[in-house]
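Keep the 3D view open as you read.

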Amino acid sequence: MGIGGSDMYRQQILDHYKSPRNYGELEDPTFTHVGENPMCGDTIEMDVVLDDDEETIEAVAFRGDGCAISQASASMLSEKLQGMTVEELQDLDRDDVTDMLGVDISPMRVKCAVLAEKVAQDGADIYFEELDVDKTTTED
């Protein structure tokens, strides 16, 4: 699988992969964005609903396909993002995601792990007109 760490965290990743939280679509999302990791074929599409002030994330849903790391990361992140401000979302980095997963991620798998984070961040940037792309990719 390309990961190391305690059995507890490996089990947590498998649980989120087999029974993802917040999997599906949201009705009337504030924004939707999609991204892919071309190296291993992971794809994630994420819906986000912001509060009326457009400062706090109220709801997140995702759908996609890919390896256990990418899908578990999206599931875990979808739980973590709810209640977070857009500013806190933008402050997330690769270490936050790998810490959330709780396992050592090999360099080849880091792009799998951070795909959901990049999709959420780029989706917010596009919504707030700070970025102009159609799709996020981990190749940039």
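## Cysteines and the model

A disulfide is counted here when two cysteine sulfur atoms lie within 2.5 Å. By that rule, the structure holds 0 disulfides. This is a predicted model, in which local features need pLDDT of at least 70 and side-chain atom pairs count only at pLDDT 80 or more, while totals for chains, interfaces and linings use all residues. Residues are numbered from 1 along each chain as its sequence is written, and side-chain values use heavy atoms, leaving out hydrogens and water.

To describe their surroundings, buried means under 20% relative accessible area, exposed means over 50%, and partly exposed is in between, using a 1.4 Å probe and protein chains only. C112 is buried, with a relative accessible area of 2%, whereas C40 counts as partly exposed at 42%.

## The sheet

Strands (E, at least two residues) and helices (H or I, at least four) are DSSP runs numbered from the N terminus. Two strands pair if DSSP finds at least two bridges between them. In this model, 4 strands make an open sheet with mixed pairing, in the order β4-β3-β2-β6. β4 and β6 are the edge strands, each pairing on one side only.

Follow β2 (residues 31-37) next. Its antiparallel pairing with β3 has 7 bridges, and H33 has M46 as its bridge partner in β3. The two strands form a hairpin with 4 residues between them, and G41 in the turn has a positive phi of about 85°. With β6 (residues 136-137), β2 runs parallel and is joined by 2 bridges: G35 stands opposite T136, and E36 has T137 as its bridge partner.

In a regular strand, side chains alternate between the two faces of the sheet. In β2, the covered face has F31, H33, G35 and N37, while T32, V34 and E36 are on the uncovered one.

## Helices and core

Helix α2 lies across β3 and β4, at about 170° to β4, and α5 lies across β2, β3 and β6, at about 145° to β2. Axes are lines fitted to C-alpha atoms, for helices over the stretch in contact, and angles run from 0 to 180 degrees between N-to-C directions.

A nonpolar core is a set of buried Ala, Val, Leu, Ile, Met, Phe, Trp, Tyr and Cys residues joined through side-chain atoms within 4.5 Å. The largest one has 34 residues, and M46, I69, L81, L89 and L101 touch the most other members. Elements giving two or more residues include β3 (42-50), β4 (57-65) and α5 (110-127). The most come from α5, with 9 residues.

Contact means heavy atoms within 4.5 Å. Beyond residues up to four places away in sequence, L101 touches Y9, Q12, I13, I69, S73, M76 and A113.

## A buried serine

Is S70 buried or exposed? S70, in helix α2 (residues 68-81), counts as buried because its relative accessibility is 0%. Leaving aside neighbours within four places in sequence, S70 is in contact with D42, I44 and C112.

A polar contact is a pair of N or O atoms within 3.5 Å; within protein, one must be able to donate a hydrogen and the other to accept it, and residues adjacent in sequence count only if both atoms are side-chain atoms. The S70 side chain makes such contacts with the side chains of D42 (3.2 Å) and Q71 (3.1 Å).
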